[in-house]
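Here is a short note for a colleague who is opening this model for the first time.

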Amino acid sequence: MSLDASIPFCTTDDAWWKLIIQPFIAGFVGWLTNVIALKMLFYPVEFMGLNLVRWEQQPFGLFGWQGIIPAKTEKMARKAVDLMLEKLLNVKEIFSRLDPEEFSNVMDRGLILLIDRIISETAMEYMPRVWKGLPDDVKDEIVVKASIESNQKFLKLFMQDMQEHIDDVLDIRHMSVTACVQNKALMNKIFQECGDAEMAFIERSGFYFGFLFGLFQMSVYCFSQEVWILPVCGFIVGWLTNFLALKVIFRPLEPKKVCGLTMHGLFLQRQQEVAVTFARVNCVEILHTKAMWDAIMTGPLHRNFFAMLRTHSIAFTDNLLGGMRTFAIAGMGAQKFNDMKEAVAQKILDGLPGIIDQSYAYTTDVLDMENTIRTKLSELSYSEFEAVLHPAFEEDEIQLIIVGAALGLIAGLLQQFVLLEY
């Protein structure tokens, strides 16, 4: 009996090409489904389609799609930030690195201009005739004395108080999550830049795994050409290639010797490299000095910050005007004197946020957030390292696998149609 006769499918001369191309088609399907699934993981950033029915924090609607990560940005960001604060950052320790005296020094120029303006405006409002009648050198002496007082006592004491109560004025968790929610592309950027090598592997491995399964599919198709064979095989290829690729990235968790080869999760092998990228992206895009000061002054705890600032401003004003108290009260009355103190304090509250940017360079350098995150992330055990980044999207791997399987099923149906036609 000839080989052709023993294989039901091989009854015509052109049947062989339909078998030979199947591993290559399966490889192509595996590659294509992985590429498309990855794109659907990140894009579109905003929901695209008819926004008639949406499920909360789900990528799909009744008619449309949003990237899995953008759709679940808030949930993922919260989980990632919680783990980062638990494993990588101690906010109080970070801010204890600031030297209040040095901080005051870098703010000196801005403070002098601010105090000069506050004194001039307040004096013209509450004692215009007296202030106009003072010689310029006396005015300058008052401003210089006030500036020295503000530098040596006010700002220094205020920064010490702020360091001690940093958790009462800065909500890093809210700041980070809000930044990601307002700009969903940030989460995409973190995953794409940290996992660029793994994304490329997922795409390539789709072809390799698909080709291997295609050999099995070819064997099955030799003996049965039922219409369901190719769609089912396409479904399996789409599911299997995504499943295996994702498992190979994070497993095994610890290096293992198998037949003389060291097996270890691809992502885990790049811990040192990923630590550098993760720290850089987070500190450039989210945890930078400007963002932290903005969060302090406008975030959910801003009232605590301004209450603290007001307390120190009142104390500073008392010290500044203390020597003139008797004469000032005699000239303008106690109530007006108290009003003037409140006005000075309020002007400091209004003016300080406008010059705080002069401290950015010093603060960034001293806090050294990027090196802190990089060092601590690179020193974690493999299980701890995996726990920082993997859980943020682990629960959504099933959606990525389902997307791949669905795309594989469609490809299998198209393949069946083409083979029937030819």
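1. Start with one cut-off. Buried means under 20% relative accessible area, exposed means over 50%, and partly exposed is in between. E93 has 32% relative accessibility, so E93 counts as partly exposed. Keep in mind that this is a predicted model.

2. E93 has a charged partner. A salt bridge joins E93 to R97, with 3.2 Å between the closest N and O atoms. R97 is partly exposed too, because its relative accessibility is 29%.

3. How many salt bridges are there by this rule? The count is 17. The next points take up some of them.

4. R117 and E121 form another salt bridge, at 3.5 Å from N to O. Both residues sit in helix 7 (residues 108-126), four residues apart, so about one helical turn separates them. The background is simple: an α-helix has 3.6 residues a turn, so residues three or four places apart point the same way. R117 has 39% relative accessibility and therefore counts as partly exposed. E121 is partly exposed as well, with a relative accessible area of 34%.

5. R310 and E342 also meet through their side chains. Their salt bridge is 2.7 Å, N to O. Here the partners come from two helices: R310 from helix 18 (residues 302-321) and E342 from helix 20 (residues 334-355), so the pair ties together parts 32 residues apart in sequence. R310 is partly exposed, with a relative accessible area of 36%. E342, at 37% relative accessibility, counts as partly exposed.

6. Some salt bridges share partners. In this way D196, E198, R270 and E273 are joined into one network.

7. Now look at helix 13, which covers residues 196-223. Does its length agree or disagree with what its residue count predicts? Its 28 residues, at 1.5 Å a residue, should span 40 Å. The end C-alpha atoms are 42 Å apart, which agrees. Helix 13 still has a bend of about 30 degrees, located at S205.

8. Which residues of helix 13 are buried? Among them are E198, M199, F201, I202, S205 and G206. Further along, the buried residues include G210, F213, G214, Q217, Y221 and C222. S205 is where the helix bends, and E198 belongs to the salt-bridge network.

9. Turn to the rings. By this rule there are 14 aromatic pairs. One of them is F42 with Y43, a tilted pair with 6.4 Å from centre to centre and 55 degrees between the planes. F42 counts as buried because its relative accessibility is 4%. Y43 is partly exposed, with a relative accessible area of 37%.

10. F305 and F306 make an edge-to-face pair. Their centres are 5.0 Å apart, and their planes are 80 degrees apart. F305 is buried, with a relative accessible area of 2%. F306 is partly exposed, with a relative accessible area of 22%.

11. One aromatic cluster is formed by F103, F154, F158, W293, F305, F306 and Y362.

Definitions and conventions
Residues numbered from 1 in each chain as written. Predicted model: local features only at pLDDT ≥ 70, side-chain atom pairs only at ≥ 80, totals over all residues. Heavy atoms only, no water. Salt bridge = Lys/Arg side-chain N within 4 Å of Asp/Glu carboxyl O. Buried < 20%, exposed > 50% of the residue type's maximum accessible area, 1.4 Å probe, protein only. Expected span 1.5 Å × (residues − 1). Bend = angle between axes of the 7 residues up to and from the residue. Phe/Tyr/Trp six-rings, centres within 6.5 Å; stacked < 30°, edge-to-face > 60°.
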